[in-house]
Amino acid sequence: MELRLVLTGAIAALCLASGAVHAQDEPPPERPMFGGAELGAGPWDFHTEHGPIHLEKIAELERPWGIAFLPEGGMLVTERVGRLRHIAADGTLDPQPIGGLPDDIYALGIAGLKGIALHPDFATNRLVYMAYSKLDQDNPQLSTLAVMRGRWDAGADRLSGVEDIFVADAWYGEMPLPERCCGQGPAFGSYGGRLLFDPDGYLFVSSGDRNWGEQVQDPASHYGKIFRMTDEGGVPPGNPWVGMEGHEPLVWSTGHRNPLGLAYNMATGEIWESEFGPRGGDEVNRILRGGNYGWLPVTQGMHYNGQQAQFLRDAEGMIDPVLVFGPPSFNPGNLMFYTGDLLADWQGDMMLGSFTQGVLRYDTDDTGSPIGEPEHLLDDLGQRWRDVQQAPDGSIYLLTDLADGAVLRLTPGE
């Protein structure tokens with residue numbers, strides 16, 4: 001039995017290209033401040049700087065969070081409320097969630113089932129990896145970030161051999177909470193949870209600060225880090241702090257608040273990340289081996305109690321973000337670098353979802369860095385864009401972070 005505690009109302013509200021031609025002449029939906037307008041049935045056609053695009057709804061899901069494309073066609077999609085779903089190659093959603101997930105998935109507020117990645121040899125070993133908020137069953141006030149893996153065979157109704165390969169040493173949430181600065185939020189927030197395999201077969205895992213930012217600069221802690229590990233959860237060669245006393249050897253970079261996006265740029269061989277800041281200060285970062293990205297003492301935003309950080313840029317030993325958004329809050333989703341032929345004019349471009357400004361498309365330079373002003377796509381739809389991923393055929397799939405969320409497919413228009 002899976003534990004699912006779903007938060008609604010006021011707490012959920014706190015978590016917060018132009019030129020659209022709507023199907024059936026539907027008026028553009030009214031968009032709330034933090035996204036979440038009713039989407040409608042679609043399809044939709046849009047005019048962009050590089051010609052028309054077409055958007056269609058593939059499936060409706062509850063709080064879809066991450067997507068992984070299957071080699072035989074179709075995809076697996078996580079729902080933050082604690083379910084794993086299968087969509088077949090023809091777009092048909094299996095009405096029954098895939099079983100076999102752990103009993104201790106903690107789905108309160110923005111906690112829950114998060115990122116998903118397939119093993120690089122998935123076609124032969126069928127291993128699926130998922131990040132999730134894990135509840136301490138002996139003390140239900142405590143939770144942490146964990147990464148599970150299990151085996152899924154095409155057509156199977158459940159995962160087999162499910163096990164945790166990583167459990168963050170960041171059990172937190174018991175009341176009363178420790179004294180913290182800056183008006184930081186509840187313990188059931190900021191888990192991170194995005195997963196990414198690089199071409200060498202190493203797994204990158206993003207871990208948030210759990211709204212206890214004072215822990216992040218501790219090099220031994222698991223708060224506010226990006227980890228690099230083997231497919232078994234072990235320490236791979238080349239990690240920056242292996243063998244150094246007082247340092248966690250799985251850590252690849254530190255100084256993160258809530259990293260919710262990870263992408264690999266094939267042109268440059270670099271990992272990029274998108275990250276929630278506090279009030280403003282949302283970031284996109286190029287992730288360097290051993291980099292420190294500043295949180296808690298360095299941020300480009302305001303803390304929730306209105307206090308500004310002591311240092312804003314060029315702090316010694318800290319790496320400034322490539323892009324900064326807000327205030328007001330931008331609330332970034334996942335990001336990607338487009339490599340397909342289907343939307344050839346977008347090759348090399350960075351795509352970044354957001355909860356408040358649609359999907360941003362950036363031209364990039366030879367280093368993979370975004371240049372110029374972005375083109376805002378799909379802004380009229382008023383959605384909270386959680387994930388953006390390139391499918392094997394070069395189309396782009398997007399997920400909306402809503403109770404009545406959706407899986408959508410973007411292709412060239414006519």
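Proline 327 is placed in the loop between strand 18 and strand 19. In this predicted model, the peptide bond that leads from glycine 326 to proline 327 is cis, with omega near 0°. A cis peptide bond also joins tryptophan 295 and leucine 296, where omega is about 15°. Leucine 296 belongs to the loop between strand 17 (282–287) and strand 18 (323–325).

Positive phi values occur at residues other than glycine as well. Arginine 63, in the loop between strand 3 (51–61) and strand 4, has a positive phi of about 50°. With a relative accessibility of 18%, arginine 63 counts as buried, because the limit for that class is under 20%. Leucine 378, for which phi is near 60°, lies in the loop between strand 22 (370–377) and strand 23. Leucine 378 is likewise buried, its relative accessible area being 0%.

A pair of aromatic rings is described by the distance of the centres and the angle of the planes. The model contains ten aromatic pairs. In one of them, the ring centres of tyrosine 172 and tyrosine 223 are 6.5 Å apart and the planes stand at 75°, so the arrangement is edge-to-face. Tyrosine 172 comes from the loop between strand 10 (160–167) and strand 11 (192–197), and tyrosine 223 from the loop between strand 12 (203–207) and strand 13 (225–229); the pair therefore ties together parts that are 51 residues apart in sequence. Both tyrosine 172 and tyrosine 223 are buried. The rings of tryptophan 272 and phenylalanine 337 also form an edge-to-face pair, because their centres are 5.6 Å apart with the planes at 65°. Since tryptophan 272 is part of strand 16 (residues 270–276) and phenylalanine 337 part of strand 19 (residues 332–337), this contact ties together parts that are 65 residues apart in sequence. Both tryptophan 272 and phenylalanine 337 are buried. One aromatic cluster is formed by Tyr172, Trp212 and Tyr223.

In soluble globular proteins, nonpolar side chains tend to be buried together. The largest nonpolar core here comprises 26 residues, of which Tyr129, Val147, Phe166, Leu195, Leu203, Val205 and Met229 touch the most other members. At least two residues of this core come from each of strand 8 (127–135), strand 9 (143–151), strand 10, strand 11, strand 12 and strand 13. Strand 8 gives the most, with three residues.

The largest pocket holds about 970 Å³ of space. Its lining consists of 35 residues, and those closest to the centre are Phe69, Leu196, Phe197, Gln389 and Gln390. Elements that each supply at least two lining residues include strand 4 (64–69), helix 2 (122–125), strand 11 and strand 23 (385–390). By class, the lining of the largest pocket has 24 nonpolar, eight polar and three charged residues.

The largest cavity contains about 50 Å³ of space. Among the residues that line the largest cavity are Cys182, Asp209, Arg257, Pro278, Trp295 and His303. Its lining divides into four nonpolar, four polar and two charged residues. The second largest cavity contains about 40 Å³, and its lining includes Arg257, Pro278 and Trp295 together with Glu275, Phe276 and Glu283. Five nonpolar, four polar and three charged residues make up the lining of the second largest cavity.

Technical notes:
Residues are numbered from 1 along each chain as its sequence is written. This is a predicted model: local features need pLDDT of at least 70, side-chain atom pairs count only at pLDDT 80 or more; totals for chains, interfaces and linings use all residues. Side-chain values use heavy atoms; hydrogens and water are left out. Rings of Phe, Tyr and Trp (its six-membered ring) pair if their centres lie within 6.5 Å; planes under 30 degrees apart count as stacked, over 60 as edge-to-face and the rest as tilted. Helices (H or I, at least four residues) and strands (E, at least two) are DSSP runs, numbered from the N terminus. Buried means under 20% relative accessible area, exposed over 50%, partly exposed in between (1.4 Å probe, protein chains only). On a 1 Å grid over the protein atoms alone, a cavity is a set of points where a 1.4 Å probe fits but cannot get out, and a pocket is an open set with protein on both sides within 12 Å along at least five of seven lines; lining residues have an atom within 4 Å of a point. Grid points are joined across faces, edges and corners, and a volume is the space filled by probe spheres set on the points. Ala, Val, Leu, Ile, Met, Phe, Trp, Tyr, Cys and Pro count as nonpolar, Asp, Glu, Lys and Arg as charged, and the others, Gly among them, as polar. A nonpolar core is a set of buried Ala, Val, Leu, Ile, Met, Phe, Trp, Tyr and Cys residues joined through side-chain atoms within 4.5 Å.
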